[in-house]
Amino acid sequence: MSLQSDRPGAITAYPRSTPRRSAEYEDLFDQAPVIFAALSGPSHLLEAANPAFFEAFGGDRAGTGAPIADLVPELVPQGVIDRLDAVYRTGTPFRARGARLVLGVPGAEREGFFDFTYEPRRDAVGEVDGVVVLAVETTVYHHAQLLAAEQRILLEQIARDAPLGDILTGMARAIEELSPELIVSVLLADPEGAHLWHGTGPGLPAFYNEAIDGIAIGPDIGSCGTAAYLRVPVIVTDIATDHRWDGYHDLAARAGVAACWSTPILATDDRLLGTFAMYHRAPKAPEDKDLALSAAFARIAALAIERHQATEARRAAQEREKEAREDLAFVLDASTAITRELHYADCLQCLARLTVPTLAPLCSVHVVEDGRTRRIAVAAASRAKEDLLGSPVLRVQVDRVVARVLASGTTETDHTGTSPGGGPVPPGVTGYVCAPLATRGRTFGALTLLATDRPLDSHVIALAEELARRAASSADNAHQFSDRVQLARDLQAGLLPPELPRIPGVDLAASYYPAGEGLEVGGDFYDVFPLPDDRWAFMIGDVCGRGALAATTTGMVRHTARAAARLLHDPAAVADAINTALTGNALDEDYFVSLVYGELRHTPSHLALELIRAGHVPPLVRRTDGTVEQLVQSGLLLGIAPDFDGAACRLDLHPGDSLVLVTDGITEARSAAGEFFDEHRLAEALAALPPPFSGAAALVEAIHASVTAFAGRSTPDDQAALVLTAT
């Protein structure tokens, strides 16, 4: 017997006897899983229904004979009765898939999804006398689809590294929407596996989440603490009577939860990641579907947590790598900057400056000199910090810790916020590190860093120690360099007159600029000294080479000239005596000397000069009117041949006239393009001086300024100049 037809207007014949129809319906549908109901008349009286109908919609067989709107009143506002009216009135079947209905009395509603077919039922003459309802409940299938969709969404979030809190909260809300009677919570285990911390719990009161945040893991500590400890699901069907909830009964009652089913979340390597809990507002044991749901989402939570931990570990590793690169760059840059400082004090001041504020807001550097400790450098991030560093109390405490570090040669630090030295803590000091400056097995100083906002961590301490180690080597080299420079300057000073003498009627000025950093004694020299008969000798020269032999040669030339000039009254004879001294000594043949030697005497109207030039830069005469003359007469370099052949020339200087003597370090200074400054540019610089002319010192300054502008401050050769101006 056919109950429906796909042909429009098809007629289904039913016996007129209601008891007979009910019997046939029972035979067909009582044991069928499909929902069946036969409705008669325009008021849709329930004529017959199978057990599946009453299980889905409520009621029992005693309700047959009454309108379905009275039996299941919640169908009225959801449009079901209107649809039945349309089928009865038009005779047109209606089918719906996945229709949503809310069934049950208020306070006990449930959501259901159904596939419906409403078929018009016709009598023997083809008139519609009722409606046959066939339905299949698809709620489980629908929920499974929604769960699968939610799982896909969660997996996509995990794949794109969405925030862990968003994933867990989304998971909890999805479960609570599908099963409104459940409340979901996730707790996360700490790395030590000792406590559980809040992960999510959007359906629980805030006070409850706060109360269980950080709960211990152990036996008989609620559902979650116990599940985490035992690593197996823990089912508590009635919190109020379960001993594992001792101490939490009142909290659970305030939160309105009565049952808690907790599942441990385990990683693929069996590490504890946390717990997945489902709460119920009434005492209840979980059904199989609840346990399956818990297991499924615990696995998803495990995947999310593991992915999050891996991502965080990767980020932490990248951050550590970045910090390591930055630390290395800082140490290398700082080391390079410190190494560039060639002088000892500058090197250590650079060390102090570079540590602030990168490593700490306050820094001081102490060194041992002549058996005493002194503070050689300080740096502060602000004036207030600088004032703190100058505090007498703090200075005493720093001195104490520096003394200990100098004695032990090891780093001393403090993480607790007490001040160095163990005395009363100045306001604002929160920690310190004092690292030794040591080289060649000797501790010669200490680098001290002071924190003012938070204790210094191990990272800063390690950087301070590494920087101190590198700086110690640079400072030691700078110290040796400074000693060599000072020694060279002292030796050079011994080869030059300590100061120019005062000569009546003569304005004297001189300059000397050593090559490079002045590490070696140069060969350039000048001298002015008195002679008998109210005469004065002057000379400027250049010994080939540098260093000790050049210094020895310079000293011999000066002393020979001073001795010979007192006995000889001819500049040529003095030059010959110097030549004899040079060639008669066991000196390297390459050590020869260029020289201008002269003598002056006063006349009533001018200065009379007699001078001889031995292979040296030609002297220049600047007249009062600004014209410049060059004296080209020359003899051979001294020290080349046993005999010196040269003749002196005479020169008169009237008031305002100047004799300018320079060494070849000035005329051979090179520009960036490689050009020499030469005698012509020197003459032009002298001629360009505007009036009024201010004497010998102005000429010396003009010479130095012109050479510096042309060739820069760095000079590959010594530069010496001597100017005599008649007054």
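Helices are DSSP runs of H or I with at least four residues, and strands are runs of E with at least two, numbered from the N terminus. The UniProt record, an unreviewed entry, annotates residues 300-327 as "coiled-coil region". Such annotations may be inferred rather than shown by experiment.

The model is predicted: local features need pLDDT of at least 70, side-chain atom pairs count only at pLDDT 80 or more, and totals for chains, interfaces and linings use all residues. Residues are numbered from 1 along each chain as its sequence is written, and side-chain values use heavy atoms, without hydrogens or water.

The chain holds 19 helices and 26 strands. Of its 727 residues, 48% are buried (under 20% relative accessible area, 1.4 Å probe, protein chains only). The accessible surface is about 34,700 Å² (Shrake-Rupley method, 1.4 Å probe). Carbon and sulfur atoms supply 54% of that surface. Among contacts (heavy atoms within 4.5 Å) with a separation of 6 or more, 61% link residues 24 or more positions apart.

H616 sits in the loop between β21 (607-614) and β22 (620-622). H616 counts as buried because its relative accessibility is 4%. Its side chain makes a polar contact of 2.8 Å with the side chain of S594. A polar contact is a pair of N or O atoms within 3.5 Å; within protein, one must be able to donate a hydrogen and the other to accept it, and residues adjacent in sequence count only if both atoms are side-chain atoms. Leaving aside residues up to four places away in sequence, H616 touches I540, G541, D542, S594, L595, V596, V662 and T663.

Terms used. Buried means under 20% relative accessible area, exposed over 50%, partly exposed in between (1.4 Å probe, protein chains only).
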